[in-house]
Amino acid sequence: MATANWRSRMVRAIACGSIALALPWVSAAQPPGAAAERSEAQALREELDRLRREFESVRDAYGTRLTALEAKLSALEPGPPGAAQPPPALPAEAAVPAGASGAGGPAGQLPVYGGTTALSKIFNPDIAVIGNFLGAVGENDVNPAPVFDMNEVEATFQAVVDPYARADFFLAFSPEGVEIEEGYLTFLSLPGGLLAKVGKFKQQFGKVNTLHPHQLSWVDSPIVIGNLLGGEEGLNDAGVSVSRLILNPWMFLEATGEVYRGSSGLFESHDRGDVSWLGRLRGYRDLTESTNVDFGTSLVWGRNDVGPDFATRVVGFDATLRYRPLRRAIYRRFMARSELFWSRREQEEGAVSAFGMYASSDYQFARRWFAGVRYDWSERAHDASLVDKGPSVLLTFWPSEFSQIRGQYRRVRYAEGVTANEALFQFLFSIGAHGAHIF
Amino acid sequence: MTSRFQMLAGSIALAGALALSTASPAARATLNVVATTEDMASIVREIGGDRVSVEPIARGYQDPHFVEPKPSYIIRMHNADLLVVVGRELEAAWLPPLITQSRNGKIRPGSPGYLDASLDAVITDIPTGQITRAMGDVHPQGNPHYWLSPSNGRRIAKSIQNKLTELGSADAAYFETRYADFDRRLSEGEKRWKNAMASYKGLKIVTYHRSWTNFANEFGLDVVGYVEPKPGIPPSPAHTLMLIQEMKRLAIRIILVEPYFDLKTPNAIARDTGATVIVMPPSVGGVREVRNYVELFDYNVNLLVSAIKKTGAR
């Protein structure tokens, strides 16, 4: 603000100086006592115009030089990030419109709202919008997807709430409507090395279940998620999550405990006390600086849709091997991952135990190219004799970190006895400041 | 194979020893420092001496923009008293979730144990006007490779000295002495490097990424083009052709490439223009010979001067 004032004062001083210099010259140039000849008036006017132009060019030149000097000054001055930006050009306050302070109107100055550089905007959350456009061709009689589908638009809002917590919101806009995909508060300063979340979020069950669609290496989600975790969206519910590091000399170990309302695709709460429970233990270890293993086991339990006396329990095991050479980290990486699920669902006619799994690998073979394969095999939760299975191959192109184009060939042999051969396409694109993902 | 096994066993034993040493209170309180890069770690070591134990996250031969936020870093950060970051959004893609998951309130932004080393440094390339991602991976807060000028190294060292003094005031005099010593060696180095580069003022070069602005400003080099068409965007045929023409026109003999970029395009450009590709480490640890901040400039200036002499670049 001070620099802006100083600058306008300088410009004004230069202006006054130039006019003061110009005036005596103009008056001296007037022929004394002579009849005002038209040509002379014309000449004077031209002279004045020339002077005005000169003055304007001088003013502009000084203006630019002053701006450059200010930029240099602010670059030299130590200060917080962003201090180097020029101060807001808008006045912090505007004059009260005439009469406003009269009958009950506000007295004094009114704040200016909507200024593009208003300081309040600094506290706006990081906002990003991620589009997920899908296409499908080929045959599928069991689970057909539309030929084109603006499947989901995800809007994310992330910011620190106060010194004690941060908040993350992920709103999903789809043809079915708007859904709170996730919305939670994370407490950052709990004693005992605890990290707690409250809100609605993806449950920490295995790997794929915790990821958003745009984080997957595939167009679709593995069949086992739909068959044994209650739908393609997976486990996602309102509740409380607490996790803690278990420090030891050998590896990274994290234990998580969660309790939920008990109404996701998999569970149904018949009574306020019908909550669902989840426990997870995750280990991680660096084998070399480029290679690491990540493994975990999860258990989830809750009442199901059959009735208040019927429960579903799913046990999962996941393992991931990653390779990414540090010197060539932007060109090469490999990841192999598998998840196994055992479901036990109580029904009228007795408990059904079903198993499902997927195994996949992804290989980055050039800076922008990835190839992948996946194999799915899964029984269905309500009838273990029904098995869906099949392979997929994938090719992904990354124009940049902010967009991906993906093609997937998928062949699924459904339990109904039909085989679906499909080519799936995906365009993923992201704008705004999307927060970094958890490893 | 056995040596690798021995190394693994050794590192396990070391990790065990470290875990044990952190579990039992040390005889004298040392500050646990985590630095996001080896450059920051080196300067912390210069100032902190034996009163600190410091561990870097990104390796010197690794692209610091693209670091995987591995859980093993969470453990390092869990016990840290101080986190030193390069800042200017260099670590924006990977550091924030690590800080949250470290469950360590001491090192969160805004806490005393969080030091953004860029705050007192001279920052170049701060974009003005409208910024969009059409400009590539543009850093709205300026060029984050600012440590590549010795004068900024001195400013970083001063910030670190102030921070260490704030956190471990009992050792204030010690940090002061260490800073003075570092400052002296850096000043001697600056004279040496500037002397070596004096006769090449205004030398035009091409670099792969926009990492060398501060370095070039300090030593009078003129970076006239980049192998990347835009920051973070891989080389494109059209841009490469244009660059080749420009390099021929200006008779440019030197292409600087950071160790983590592919040499295919730079080599092709070099074949076409008669220039030489130099893989120059922008960070401590980028090559084996560069073990600390002063050696980074010794190595790079030597490398550059011998390349200039060999190619007869003007």
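This dialogue covers strands and nonpolar cores in a predicted model.

Guide: Residues are numbered from 1 along each chain as its sequence is written, while chains are lettered from A and ligands numbered from 1 in the order in which they are written. In this predicted model, local features need pLDDT of at least 70, side-chain atom pairs count only at pLDDT 80 or more, and totals for chains, interfaces and linings use all residues.

Visitor: How many helices and strands does chain A have?

Guide: Helices (H or I, at least four residues) and strands (E, at least two) are DSSP runs, numbered from the N terminus. Chain A has three helices and 18 strands.

Visitor: Which strand is joined to β18 (residues 419–432) of chain A by 12 bridges?

Guide: Strands pair if DSSP finds at least two bridges between them. Strand β3 (residues 126–139) of chain A runs antiparallel to β18(A), with 12 bridges; A:Ala136 there has A:Leu424 as its bridge partner. Strand β17 (residues 403–413) of chain A is also antiparallel to β18(A), through 11 bridges, and A:Tyr409 is partnered with A:Ala423.

Visitor: Which residues touch the most other members of the largest nonpolar core?

Guide: A nonpolar core is a set of buried Ala, Val, Leu, Ile, Met, Phe, Trp, Tyr and Cys residues joined through C-beta atoms within 7 Å. Buried means that 20 or more other C-beta atoms lie within 10 Å of the residue's own, with C-beta atoms placed from the backbone. In the largest core, of 84 residues, they are B:Val44, B:Val84, B:Ile160 and B:Ile255. Helix α10 (residues 293–311) of chain B gives the most to this core, namely seven residues.

Methods:
Buried ≥ 20, exposed ≤ 12 C-beta atoms within 10 Å, placed from the backbone.
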